[in-house]
Amino acid sequence: MKFVKTLMAASLAVAFAGSVHAAVSPAEAAKLGTNLTLVGAEKAASADGSIPAYEGGLTTAPAGFKAGDSMRPDPFASEKPVMVIDGKNVDQYKNLLSATTVELAKRYPEFRVDVYPTHRTVAMPQPVLDNAVKNATGAKTANDGLALENVLPGVPFPIPQSGAEAMWNHLLRYQGVTINSKYDSWNVDAAGVATLATTGQAFINYPIYEDLNKPIANTDVYYQMKLYYSGPARRAGEAIMLKDAANAVEQPRRAWQYLPGQRRVKLAPSLAYDTPNPGTAGAGTYDDVFVFNGALDRYDWKLVGKQELIVPYNTYKLTYAQDPKALTTANHLAPDYVRWEKHRVWVVEGTLKAGARHIYAKRRFYLDEDSWVALASDQYDARGQIYRGSFAFLSQSYDKQVPDTTPFVIYDLVGNSYNINGIVGPYGGIRYIDPLTKAQWAAESLAGAGIR
């Protein structure tokens, strides 16, 4: 019996060890800072020069920016497109476009992709970059990629070896510490009618970046958000709070909701995965927020590789637009407001696990090599047909060394509708604030600030 117990223990140890993915070798990590940037992007320009070499990003504010302002002028406002793609020529460039972009161009004659000169503007604080280098040889995934070990705040896997590692890079990406912005979310239906889904006050916090020297524990919250809705009238006074921990298997997402009619805060365990997001009036799921967020456990993740892709980038005109009605044209966002550039992206595919439930049977994500932000995605249904697609709109907060993707859009290619979320221009832009207190992140705080 003692021998059997010993054999079982050894077998369990081997099985657990098999689920742990080791960090890269010191020789491989030595590429960081040489031919790779400190977060793992290729430093060199592309072969044809259309993607320039990385030279440190945009850290100097343009003329006209006032120190401390949350509205950031477009440093590239005077530039003109170098190429325009629409339904007439989209097939020539489909290898440089997401499936969603191709579909939009073929479906709507007025849709176009204005391609501008590429600028690699992403910059982050040096301590965050230094941690990425340390993580290269120290960080690991466990539980088949669902958990982390020995990860410091920063890009956990600058040289990813698996799809799960690349998705962790997106989830733990640096976006500052605490963001506070008032925003709108608008839906545009198949008839081209734009309707306000929600107006809200958002507080988004990445607690792991409050202490850059502290390794991330499984139970540590890496992302938390609370929203107070003030519009439309039927939603006024509602509030929600979400908290995601580094090991979603050990500690699943915690969520709370405050409804003024009930006048109490309630646990809301369903505010995750493919639950329709009321903040988009159901136009997207909870894990569609910021193109993807939440737990990785319902999909098998494959690292497809890297490619050049034309994506929204340096979208200052859209991010800080002050008139939502000018943005929300029929069928798609107004092309005049969307700046597209060619960048290198990591491609990751998620395939729904056997027995798991989600409305998307397959998802393809395109992660920016310079920031690890998911810039675009294609979502497919159980029949293998494209269902929805998303884009995030990246602009560098050059005064804060923060790459921001507050606005994002979800296109429903079956319902011929879309949602644009995170419109902050009418309310003063993107604000970075000091971390809130623990009391302000307590569930009870939702009721205290709710409008009755």
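Which residues does Leu 172 touch, not counting residues up to four places away in sequence? I started my notes there. I keep in mind that this is a predicted model.

**Entry 1, the core.** I looked up the contacts of Leu 172 and found Leu 148, Val 151, Gly 154, Pro 156, Ile 208, Tyr 209, Ile 216 and Tyr 222, with residues up to four places away in sequence left out. I then checked the largest nonpolar core, which has 105 residues. Leu 172, Leu 333 and Leu 367 touch the most other members of that core. Another core, of 11 residues, lies apart from it, and I noted Trp 256, Tyr 258, Trp 441 and Ala 447 among them.

I counted 20 residues in its lining, and Tyr 183, Met 225, Leu 227, Phe 290 and Asn 421 lie nearest the centre. Strands S5 (178-188), S6 (194-205), S7 (221-231), S8 (239-245) and S19 (417-423) are the elements that each give two or more residues to this lining. S5 gives the most, with 4 residues. Sorting the lining by class, I got 13 nonpolar, 7 polar and no charged residues.

I found 13 lining residues, with Phe 111, Leu 333, Val 338, Trp 340 and Tyr 411 nearest the centre. Leu 333 was already in my notes, as one of the residues that touch the most other members of the largest core. The lining of the second largest cavity comes out as 11 nonpolar, 1 polar and 1 charged.

Key
Residues are numbered from 1 along each chain as its sequence is written. This is a predicted model: local features need pLDDT of at least 70, side-chain atom pairs count only at pLDDT 80 or more; totals for chains, interfaces and linings use all residues. Side-chain values use heavy atoms; hydrogens and water are left out. A nonpolar core is a set of buried Ala, Val, Leu, Ile, Met, Phe, Trp, Tyr and Cys residues joined through side-chain atoms within 4.5 Å. Buried means under 20% relative accessible area, exposed over 50%, partly exposed in between (1.4 Å probe, protein chains only). Contact means heavy atoms within 4.5 Å. On a 1 Å grid over the protein atoms alone, a cavity is a set of points where a 1.4 Å probe fits but cannot get out, and a pocket is an open set with protein on both sides within 12 Å along at least five of seven lines; lining residues have an atom within 4 Å of a point. Ala, Val, Leu, Ile, Met, Phe, Trp, Tyr, Cys and Pro count as nonpolar, Asp, Glu, Lys and Arg as charged, and the others, Gly among them, as polar.
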